[in-house]
Amino acid sequence: MFDELGTKLDGALKKLRQRGVLTEPMVKDGLREIRRVLLEADVNFQVTRDFLGRVQARALGEAVLKAVSPGQQIVKIVHDELARLFGDGAPTLATGSGRPSVVLMVGLQGSGKTTSAAKLARRLGRGGATPMLAACDLQRPAAIEQLQTLGAQIGAPVVAGEFGGDPVAAALAARERAREGNFSVLIIDTAGRLQIDDDLMGELRRMSDAVEPSEILLVVDAMTGQEAVTIAQGFDQALGITGVVMTKMDGDARGGAALSIRGVIGKPIKFVGVGEGVDDLDSADPERLAGRILQMGDVVGLVERAQVAIDEEDQARLQKKVMGQGRFTLEDFLVAMRQVQRMGPLDQILKLIPGAGRMKIPLANLDPKRFKHVEAIILSMTPEERREPDVINASRRVRIARGSGRSVAEVNRLLKQFKEMQGFLKQMKGMLGGMGGLPFGS
Ligand SMILES: Nc1nc2c(ncn2[C@@H]2O[C@H](COP(=O)(O)OP(=O)(O)OP(=O)(O)O)[C@@H](O)[C@H]2O)c(=O)[nH]1
Ligand SMILES: [Mg+2]
């Protein structure tokens, strides 16, 4: 997410950061470079201009130039102003006065409506809501099935209209079912079109009038770049959207759309989709998004994910070990590995850790398919061997290899990785100081 933009902005800011003293021409030079970077990343022209105006006003304010580290302060100003582009404070979802609250998912074809509906249900369910999903994309039988499959996967009930039937009637019926079942929120998946047309807008407006949603979330694909802003404008004018779900932020989108939407249409991004899995939906918290752009790492995001994935008892036990009470054993290694697996793709997780890019992380080159093999190897060891890997001599390695159906070379590699892991934990411990809730303890 924001990889290229982040790197370039970082490059532009680096010069400013390194200076002990900042003069006005230096600041202006730096801002010119930032301007180029933003425009290259497809950020809307007007949004860029306003942004730089605010940064410059603050950066040239007296307090900054006399500060101990003016460069760092400018980074902070840019960070704050980037955050302001996304909104003020963490976005929330409105709940209507009635029950259920209705969330209408709208957007063009393939933008990620169905997937995001399920992700949102998952997320709200975790937060204590009782979500129900409604399949009101009745143009294709596959669309209904897709939502049913996702619903089954996350354990949320799905009510579906009839294929080819009237989506508005289906939405009303779904709301009735949700009401009877006392569900707190109904998330309605709708049909997409290749482009904005009167048919689609008419249908969505009728649906909206009928079910009175407390949220109309427009799902847009970040990869569409500036076009995403135009699409959002179209939907907002026709329907009055309440927020945006920007999907596929895990791809190599340039980020401009995400930075421009609120400035242009005045509606916040509420969630960002960061992958195909049902857990790959992050709250679009302005501070955190800005932090990601400036590569300060998204510690809150990391902690949130870790909390979802991690069994608290395991966590407490691991934390103790890592903090030096007791030793980190191969059994703990197995537990940690299982937790990491549950958190999602490792490369994504690592991006959330500040400074992780510079660290040598042994698990990072562990192919997910190999987790199963590693598990088999560890399970073939005796409890003593798991606690004291040093006792595993050559003949024991052969026995373990045979027991797990893996090769001796693989056993060796695992033992080596385990050693590296112990070293890595030491680094993490040093880096993350007092932070709680991390996958291997803090
Ligand atoms: N990488 C990535 N893929 C995503 C994300 N969100 C959705 N997708 C993928 O995008 C494709 C389309 O998603 P859908 O949810 O079916 O999109 P839709 O808007 O419902 O599409 P239609 O119903 O055909 O209009 C699927 O393959 C999803 O897995 C995301 O945040 N990241
Ligand atoms: Mg769909």
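This is a predicted model: local features need pLDDT of at least 70, side-chain atom pairs count only at pLDDT 80 or more; totals for chains, interfaces and linings use all residues.
Reader: Which residues line the second largest cavity?

Author: The lining is made by Glu4, Leu5, Lys8, Val37, Glu40, Ala41 and Arg254. About 60 Å³ of space lies in this cavity, and the model holds two cavities of 30 Å³ or more.

Reader: Which elements give two or more residues to that lining?

Author: Those are helix 1 (3–18) and helix 2 (24–40). Helix 1 gives the most, with three residues.

Reader: Then let's turn to helix packing. What describes two packed helices?

Author: Two packed helices are described by the angle between their axes and the distance between the axes. Here, the axes of helix 1 and helix 2 come within 9 Å, with a crossing of roughly 175 degrees. An angle over 145 degrees counts as roughly antiparallel, and that makes helix 1 roughly antiparallel to helix 2.

Reader: Which residues make the contact of helix 1 and helix 2?

Author: From helix 1 come Leu5, Lys8, Leu9, Ala12, Leu13, Lys15 and Leu16, and from helix 2 come Met26, Val27, Gly30, Glu33, Ile34, Val37, Leu38 and Glu40. By class, ten of the contact residues are nonpolar, one is polar and four are charged.

Reader: Are helix 8 and helix 9 roughly parallel or roughly antiparallel to each other?

Author: Begin with the angle again: the axes of helix 8 (residues 167–180) and helix 9 (residues 198–211) cross at roughly 25 degrees and come within 9 Å. Angles under 35 degrees count as roughly parallel, and helix 8 and helix 9 are therefore roughly parallel to each other. Their crossing is right-handed. On the helix 8 side, Pro167, Val168, Ala171, Leu172 and Arg175 meet Glu203, Arg206, Met207, Ala210 and Val211 in helix 9. This contact has seven nonpolar, no polar and three charged residues.

Reader: One more pair, please. At roughly how many degrees do the axes of helix 10 and helix 11 cross?

Author: For helix 10 (residues 226–239) and helix 11 (residues 256–265), the crossing is at roughly 35 degrees, and the axes come within 8 Å. The crossing is right-handed. Helix 10 brings Gln226, Ala228, Val229, Ala232, Gln233 and Asp236 to the contact, while helix 11 brings Gly256, Ala257, Ser260, Ile261, Val264 and Ile265.

Reader: And how do the residues of that contact divide by class?

Author: Seven are nonpolar, four are polar and one is charged in the contact of helix 10 with helix 11.

Conventions: Residues are numbered from 1 along each chain as its sequence is written. Chains are lettered from A and ligands numbered from 1 in the order in which they are written. Side-chain values use heavy atoms; hydrogens and water are left out. On a 1 Å grid over the protein atoms alone, a cavity is a set of points where a 1.4 Å probe fits but cannot get out, and a pocket is an open set with protein on both sides within 12 Å along at least five of seven lines; lining residues have an atom within 4 Å of a point. Grid points are joined across faces, edges and corners, and a volume is the space filled by probe spheres set on the points. Helices (H or I, at least four residues) and strands (E, at least two) are DSSP runs, numbered from the N terminus. Axes are lines fitted to C-alpha atoms, for helices over the stretch in contact, and angles run from 0 to 180 degrees between N-to-C directions. Angles under 35 degrees count as roughly parallel, over 145 as roughly antiparallel, 65 to 115 as roughly perpendicular and the rest as oblique. A crossing is left-handed if the near helix is turned anticlockwise from the far one by less than a right angle, and right-handed if clockwise. Contact means heavy atoms within 4.5 Å. Ala, Val, Leu, Ile, Met, Phe, Trp, Tyr, Cys and Pro count as nonpolar, Asp, Glu, Lys and Arg as charged, and the others, Gly among them, as polar.
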